[in-house]
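Hi there,

Here is the structure I promised to pass on. Have a look at it first, and my notes on what turned up follow below.

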Amino acid sequence: MTGYQHDPRVVMTLDAGGTSFRFSAMRASQPVTDTITLPSSGDNLKKCLANLVNGFTQIKKQCPEPPVAISFAFPGPADYAAGIIGDLPNLPAFRGGVALGPMLQEKFRVPVFINNDGGLFVYGETIAGFLPHVNGLLEKAGSPKRYKNLFGVTLGTGFGGGFACNGELFAGDNSNASQVWLTRNKLDPQMNVEEGACIRAVRRIYAERAKVSFDESPDPRDIEQIALGEAPGNRTAAVEAYRRMGEVSGDAMANALTVLDSLAVIGGGLSKGWRLFLPALVKELNSHYIGPRGEKFRRLPGPAFNLEEPVELKEFLRGATRSISVPGSRRKIKYDPLQRIGVGITRLGTSQAIAIGAYAFALRHLDLRNGKKSKTLAKK
């Protein structure tokens, strides 16, 4: 692969959480400084902004050369293009709108790029992770099929999403693209899908099925081990908690994929339990609607494959490749008519994907501003 993984420019980055800010800097898609952690102080705007400036100031001193940009993920709602952060549940001091990007740009005299974390996760997987990985496997298998688009979700404290179209991060006209957490919860239609596809959902279902209080419910990692028979507990409840998450998240992803027609990647802390929820998720993608006369038709235009399962991966790579003759010519064209979706787990890890996405996003947009040919880490 070629592109920004060899770029000598330095970009300062930030992992912004509800309780802490983690600052670092990257060059050639690798960290070049220590990580500095400061409290977010999200209920006090003055302290919060001071910590942001302090963190980037400390990181700048560690940089091997002057940084060319600041690029990071920050919670929404926001006008990301303008760098204005809106009303945040976990950072209440920002309510009413804060021009965070312009403030940091004036302070550090470099361009500032802010995006949603779900979007940057997918962008990182697009240029250096899942998308080039799958295309590389297809090439190795001799398939003519190639993918250019990637949709992704993150399963963790919440249920986030992002979409990259033809190598470009798609943000939407209001910086609100891929807000999949607001889609309906299939199993509890009065709720949104996030309440069935996040950490608290897994704990809640385990508690209900195991007949314990929510406070007594283990963390998802412990529930995962119980489900796999690696720890004591109610195994039936644990298996069901992850299965339900797979069904609910699969329903939401199916709604998105009918519109987007792309590969799909899954990240977030809960993605480590993919063996427990991914079969149910893909089963939901491959489910059917029932017509008024009882006839069945597919939820998606084509089949979905679990790319973490060897048999399904082999079938996905094989596809239906054939050669056809061009009318009136001796020439033959190799093509694959099987319209299929592949679903799998992050190849970079969620944090690294977000960091690489933030780094590459900044450099790409700097190059576009300067009229340079954009680079990409994705295999052509």
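In the contact between two helices, V202, I205, Y206, R209 and A210 of α5 meet A237, A238, E240, A241, Y242, R244 and M245 of α7. Sorted by class, that contact of α5 with α7 holds nine nonpolar and three charged residues, and no polar ones. Please keep in mind as you read that this is a predicted model.

As for the geometry, α5 covers residues 199-210 and α7 covers residues 235-260; their axes come within 8 Å and cross at roughly 140°. The two helices are therefore oblique to each other. The crossing of α5 past α7 is right-handed.

Helix α7 has another helix to pack with, namely α8 (residues 274-285): here the axes are 7 Å apart and the angle is about 40°. So α7 and α8 are oblique to each other too, and α7 passes α8 in a right-handed crossing. On the α7 side, the residues in this contact are Y242, R243, M245, G246, E247, S249, G250, D251, M253, A254 and L257, and they meet L276, F277, A280, L281, E284 and L285 of α8. The contact of α7 with α8 divides into 10 nonpolar, three polar and four charged residues. If you click on Y242 or M245, you will find each of them in the contact with α5 and also in the contact with α8.

**The sheet**

Next comes the sheet. Which strands form it, and in what order? There are six, arranged as β11-β10-β9-β12-β18-β15 in an open sheet with mixed pairing. The edges are taken by β11 and β15 (304-306), each with a single partner strand, so one side of each has no neighbour in the sheet.

Helix α7 touches β9, β10 (159-165), β12 and β18, and its direction makes about 155° with that of β9. Helix α9 touches β12, β15 and β18, with its direction at about 135° to that of β15.

**Strand β9**

Strand β9 deserves a look of its own. It pairs with β10 in the antiparallel sense over seven bridges, and the two form a hairpin with three residues between them. With β12, β9 runs parallel, and five bridges join the two strands. You can see both pairings at G152, which stands opposite G162 in β10 and opposite V265 in β12.

Is β9 mostly covered or mostly uncovered? It is mostly covered, with seven of its seven residues buried. In a regular strand, side chains alternate between the two faces of the sheet. In β9, N149, F151, V153 and L155 point one way while L150, G152 and T154 point the other way, and all are buried.

**Helix α4**

Helix α4 (residues 130-140) has buried residues too: F130, L131, P132, V134, N135, G136 and L138. They pack against α3 (117-128), β9 (149-155), β12 (263-267), α9 (310-318) and β18 (341-345). Just after α4, G142 takes a positive phi of about 80°.

**The loop between β11 and α5**

Finally, a few residues in one loop. Most residues other than glycine have a negative phi. S175 is an exception, with a positive phi near 60°, and its place is in the loop between β11 and α5. S178 lies in that loop as well, and its phi is positive at about 65° although it is not a glycine. Are these serines buried or exposed? The cut-off for buried is under 20% relative accessible area. S175 counts as buried because its relative accessibility is 11%, and S178 counts as buried at 18%.

N192 is found in the loop between β11 (168-169) and α5 too. Leaving aside its neighbours within four places in sequence, N192 is in contact with W181, L182, T183, R184 and N185. K314, in turn, is 122 residues from N192 in sequence and 35 Å from it in space, C-alpha to C-alpha.

Terms used. Residues numbered from 1 in each chain as written. Predicted model: local features only at pLDDT ≥ 70, side-chain atom pairs only at ≥ 80, totals over all residues. Heavy atoms only, no water. Axes fitted to C-alpha atoms, helices over the stretch in contact; angles between N-to-C directions. Helix = DSSP H or I, 4+ residues; strand = E, 2+ residues; numbered from the N terminus. Parallel < 35°, antiparallel > 145°, perpendicular 65-115°, else oblique. Left-handed = near helix turned anticlockwise from the far one by under 90°. Contact = heavy atoms within 4.5 Å. Nonpolar A, V, L, I, M, F, W, Y, C, P; charged D, E, K, R; others polar. Buried < 20%, exposed > 50% of the residue type's maximum accessible area, 1.4 Å probe, protein only. Pairing = 2+ DSSP bridges.
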